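Student: I have a new structure open and I want to learn how to read it. Where do we begin?
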Amino acid sequence: MDNQSRNFIEQIIDKDLEEGRVDHVMTRFPPEPNGYLHIGHAKSILLNYGLAQEYHGLFNLRFDDTNPTKEKSEFVESIEEDVRWLGADFGDRLYFASDYFDRMYEAALKLIRKGKAFVCDLTAEEIRAYRGSLKEPGKDSPYRNRSVEENLKLFQEMKDGKYEDGSKVLRARIDMASPNMNMRDPVIYRIAHISHANTGDKWCIYPMYDFAHPIEDAIEGVTHSICTLEFEDHRPLYDWVVRELEYEQPPRQIEFAKMYLTNIVTGKRYIKKLVEEGIVDGWDDPRLVSISGLRRRGYTPEAIRMFVELSGISKAQSSSEYAMLEYCVREDLKLRRERVMGILHPLKLIIDNYPEGRTEELEVENNLENPELGSRKVPFSRELYIEQEDFMEVPVPKYRRLYPGNEVRLMHAYFVTCTGVDKDENGNVTAVHCTYDPQTRGGNAPDGRKVKGTIHWVDAASAINCEIRLFENIVDEEKGVYDEETGELNLNPNSLQILKNCYVEASLRGAKAPDSFQFVRTGYFCVDSKLSTPDHLVFNRIAALKSSFKLPVS
């Protein structure tokens, strides 16, 4: 493959293999189980897994559970489900940072013995004050020159629970004058008297992420530790840890740009607030771009993989449009899903000259663009439902659908001509009356006459009454995601529209999550996994049929 067509990470790995720095590739996805994953995490998962696949290597899933104050088993379970759903196969390589707590403790002891770590009694505020600034060097802690023996004794006592939270920390002994703030004697262990989901009450000291992460990578044999750009300034500390601990094959950290979506909420703090205040019905609300929310909305792993691929991998920060994500799901579904008829805003249509009590079955292709999906039988009888917008008593110019005296095609069925309407006491149209031409079965007239309008319908006698949910962005795009003065989200009051008493054709009886369909002329819909039951189908609109989005020309 031309080197120019390979992203910068592939070029680095190619060079490492050519020069013999590594003879295989192992990557990992290392989430902290303190929330649900979103579309940005999908990019990291698919990038790391894709690299392992490309180089015939291995991919690990590792939970970075070094902070028990924020972590829950609920998040572990949801993350594992998301990673599997995306198709990232980690085999039996499911790990936890807590699996390595004993080895991390030994690593800390090794640094103390080498004179590279010390126990510090400064408070968190004092440590910040001593650190200095980007313009001023830091000051040495007064505890920096404690002897190895004293540090070993104090660290053992920290482990034994002798000291209160915050009273002591273990710090790396590096360089308080370093231009990189992360290298100014960073904290690598803190005291926290709190039970851990995996280790219980065995530990009351816990390693900091910047110390634990390189050790985890090294223990597992990760060759390339792929992370996002905010860790670029942490790389010298990452390299320092693996070098001072003398790992034979130290992993290499490589940073790439995060995925951002324009006008979309991804921040955990904001999503948590939306969940807690009941504005959304959970982390899997279809209006969110959490992976579980996208799955519930009806997005497919294939669509997300296409989106990640189109977004590209680079060092430069950039944003992708949500419209591109919708484009990807349409591209994935359009040839793989049945095209069925559903009515969102029903209006009764009565064919007066159709025999009462008669029902016929029409043979309908499931997808005109993909004959392999076969066909189905669709019931047709005297009373149907059509969309309200497909009838106008007084048509506007160029209106080609149903109005008094006009003839249209009922999709897959017959030509019908509007003859009149029924109205309620307020003058609202409650039913449309038509006659049909029995010679036009299948939608074509033997005399060759043409009609300008075709409308879809469902058979009233066999139709399934259902609920349909339509979504817009949860934030008001015109105002921007955040209020500049308050920092609060600019919520869109119309982000969820619930339509009751909708109708879909009888072929959808028995549909269940994650089944999805194209409703002709309306959009792509899936069965909701949380609200739908066999007796009450609820459909979420995945995406409308069309968009103004166009792929950029390369």
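Tutor: We begin with a definition. A polar contact is a pair of N or O atoms within 3.5 Å; within protein, one must be able to donate a hydrogen and the other to accept it. Keep in mind that this is a predicted model.

Student: Which residue has a side chain joined to that of Arg 339 by a polar contact?
Tutor: Glu 369. The polar contact between the two side chains spans 2.6 Å.

Student: Where is Arg 339 found? Is Arg 339 buried or exposed?
Tutor: Arg 339 lies in strand S12, residues 339-340. Buried means under 20% relative accessible area. Arg 339 has 17% relative accessibility, so it counts as buried. Setting aside residues up to four places away in sequence, Arg 339 touches several others, including Lys 334, Arg 376, Gln 518 and Val 520.

Student: Now sheets. What holds strands together?
Tutor: Strands pair through backbone hydrogen bonds, either parallel or antiparallel. Here, three strands form an open sheet in the order S1-S2-S3, with parallel pairing. Strand S1 (26-29) and strand S3 (94-96) are the edges, and each pairs on one side only. Neighbouring strands of this sheet are turned by 35° against each other on average, direction ignored.

Student: How many bridges link S1 and S2?
Tutor: Four, in the parallel sense; S2 covers residues 58-63.

Student: Which strands does helix H2 touch?
Tutor: S1 and S2. Helix H2 (residues 39-54) packs on the sheet, and its direction makes about 160° with that of S1. Helix H7 (residues 209-220) also packs on the sheet, touching S1, S2 and S3. The direction of H7 makes about 140° with that of S2.

Student: One last case. Which residues is Ser 320 in contact with, leaving aside neighbours within four places in sequence?
Tutor: Tyr 260, Leu 261, Thr 262, Phe 307 and Ser 311. Ser 320 and Tyr 260 are 60 residues apart along the chain, but their C-alpha atoms are separated by 6.2 Å. Ser 320 sits in strand S11, residues 318-320. At 10% relative accessibility, Ser 320 counts as buried.

Key: Residues numbered from 1 in each chain as written. Predicted model: local features only at pLDDT ≥ 70, side-chain atom pairs only at ≥ 80, totals over all residues. Heavy atoms only, no water. Pairing = 2+ DSSP bridges. Helix = DSSP H or I, 4+ residues; strand = E, 2+ residues; numbered from the N terminus. Axes fitted to C-alpha atoms, helices over the stretch in contact; angles between N-to-C directions. Contact = heavy atoms within 4.5 Å. Buried < 20%, exposed > 50% of the residue type's maximum accessible area, 1.4 Å probe, protein only.
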